[in-house]
Amino acid sequence: MFGFVIGALSAVGFFKVLRWDRGWRGGGNARDWMLRFLFERLNASPEQEKVLSEAASDFEASLRSLKGTGKGARASLAALLRSEHLDQTALSALFDTQQQALEEVKKSLRQGLTNVHSTLV
């Protein structure tokens with residue numbers, strides 16, 4: 001009987017912990033958790049939180065674009081390496097595509113940091 005009581009209390013405690021963890025600490029993805037921590041650390045107003053969230057979302061979108069470009073480049077590079085002779089023009093075009101995608105990420109980061117700085121000052 002005593003074991004049943006301990007087991008029942010443990011189960012109740014376990015479900016309470018699971019339910020408590022659904023708050024901002026456990027819910028959402030890692031980006032949301034990090035932003036919430038940043039908002040609290042900066043004591044940001046709702047307007048500042050919106051600007052910070054938008055900057056993070058834009059930067060994340062540009063990184064996703066870079067990732068997609070990289071996946072396409074992998075297949076193109078494999079095709080280039082399988083050919084009998086390495087086509088320098090196609091290789092340069094592949095590098096240029098990667099460089100353009102990286103420039104977009106840098107542009108997004110610059111713009112986001114500019115917006116965040118102007119909001120927080």
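Start by selecting phenylalanine 37, which is partly exposed at 46% relative accessibility (buried is under 20% relative accessible area, exposed over 50%, partly exposed in between, with a 1.4 Å probe and protein chains only). You are looking at a predicted model, where local features need pLDDT of at least 70, side-chain atom pairs count only at pLDDT 80 or more, and totals for chains, interfaces and linings use all residues. Residues are numbered from 1 along each chain as its sequence is written, and side-chain values use heavy atoms, leaving out hydrogens and water.

Now show both rings. A search of the whole structure finds one aromatic pair. The ring centres of tryptophan 33 and phenylalanine 37 are 6.3 Å apart and their planes are at 10°, so the pair is stacked (rings of Phe, Tyr and Trp, its six-membered ring, pair with centres within 6.5 Å; planes under 30 degrees apart count as stacked, over 60 as edge-to-face, the rest as tilted).

For the last stop, select Leu35, Leu38, Leu52, Ala55, Ala56, Phe59, Ser108, Leu109, Gly112, Leu113 and Val116, which line the largest pocket (on a 1 Å grid over the protein atoms alone, where a 1.4 Å probe fits, a pocket is an open set of points with protein on both sides within 12 Å along at least five of seven lines; lining residues have an atom within 4 Å of a point). Colour α2 (30–42), α3 (46–82) and α4 (88–120), the elements giving two or more residues to this lining. Helix α4 gives the most, with five residues.

Conventions. Helices (H or I, at least four residues) and strands (E, at least two) are DSSP runs, numbered from the N terminus.
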